[in-house]
Amino acid sequence: MVISVASKVRRGSVQLCRGYEAVESGIWDDGIRFLTSHHRQYHHLQRRAYAFFNSNGAGKPRNSKFPHFTYSTSSSSVPSGFLKWYLGMLETRPFITKSISSSLIFAVADVTSQMITLAPSDTYDMVRTLRVGVYGFLIMGPSQHLWFNFLSKIFPKKDLLSTFKKITMGQTIYGPIVNSLFFSYNAALRAAFEFGYVSNTYRMPHPWTVVPTRIWQGRMESPGETKEDIVARLRRDLLPTLKNGLMYWPLCDFLTFKFIPVHLQPLANSTFAYLWTIYLAYVASLKKVGEE
């Protein structure tokens with residue numbers, strides 16, 4: 001049946017070509033009538049052939065014998081491996097997943113910040129990295145989840161006007177709050193650690209080699225930062241930090257709100273926050289007011 005239909009299609013094509021030759025040779029009337037009739041017959045055979053192949057399953061995707069060479073009818077392949085697992089966790093446990101993701105990104109950002117800013121005589125501060133990672137887990141991750149869901153409810157559209165409203169709210173409300181919390185949290189916990197009797201430092205003879213050493217001290221000479229010190233730090237560091245943020249975050253927020261789905265926006269924001277946290281961790285590590 002397939003050979004019969006194919007041969008009819010081939011004969012129709014040959015006859016159609018002969019009709020064109022007849023037109024070219026000047027036999028206009030006969031050639032035009034010949035073309036009209038065989039043109040209809042040719043398309044009729046084409047429709048029959050297409051219907052036959054389609055009914056018998058020809059041209060449909062088949063299961064390959066080889067597992068690594070499979071056919072797909074979807075334009076976008078289904079994520080596999082870790083990415084598939086991560087997206088599933090975002091659907092089932094969004095709160096804890098975003099908190100852990102933010103914690104890891106903030107911790108890596110602090111390690112990078114220390115590697116960039118440490119002098120050869122300085123030591124790597126593991127407690128500082130732990131402090132920043134805990135901030136990402138307890139404060140930044142949950143707040144991002146709540147903030148982006150809140151914005152998506154009051155501004156559900158992704159047009160330019162709604163996007164700029166979200167950016168404005170982020171720069172005037174969310175940004176100042178989380179930056180103030182970061183500086184206050186970091187200073188308060190640093191004071192708590194400095195009141196202890198044991199100080200853990202880590203020597204870094206090479207940027208990629210960390211040698212742990214424990215230094216025991218009977219009492220700390222520095223009492224840490226009091227509430228007055230934290231307020232003075234905020235007055236000194238918060239406003240310049242927000243001004244620098246205006247040169248970085250509006251573009252990041254525009255890309256996030258305009259093109260990223262809501263459930264992935266906290267992850268995108270934390271990814272952009274990697275570079276920002278390198279700078280933020282450096283500012284938070286500066287000496288308190290009066291010790292410069």
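A: To describe a lining, Ala, Val, Leu, Ile, Met, Phe, Trp, Tyr, Cys and Pro count as nonpolar, Asp, Glu, Lys and Arg as charged, and the others, Gly among them, as polar. This is a predicted model, in which local features need pLDDT of at least 70 and side-chain atom pairs pLDDT 80 or more, while totals for chains, interfaces and linings use all residues. Residues are numbered from 1 along each chain, and side-chain values use heavy atoms, without hydrogens and water.

Q: How do the residues of the lining of the second largest pocket divide into nonpolar, polar and charged?

A: There are 18 nonpolar, 8 polar and 3 charged residues in that lining. Helix α6 (160-194) is among the contributors and gives the most, with 10 residues.

Q: How is a pair of aromatic rings described?

A: The distance of the centres and the angle of the planes describe it. Rings of Phe, Tyr and Trp (its six-membered ring) pair if their centres lie within 6.5 Å; planes under 30 degrees apart are stacked, over 60 edge-to-face, and the rest tilted. The count here is 15 aromatic pairs. One of them, Phe82 with Trp85, is tilted, at 5.6 Å centre to centre and 40° between the planes. The centres of the Tyr248 and Trp249 rings are 5.3 Å apart and their planes lie at 80°, so this pair is edge-to-face.

Q: Is Trp249 buried or exposed?

A: Buried means under 20% relative accessible area, exposed over 50%, and partly exposed in between (1.4 Å probe, protein chains only). Trp249 has 12% and is therefore buried, whereas Tyr248, at 22%, is partly exposed.

Key
Helices (H or I, at least four residues) and strands (E, at least two) are DSSP runs, numbered from the N terminus.
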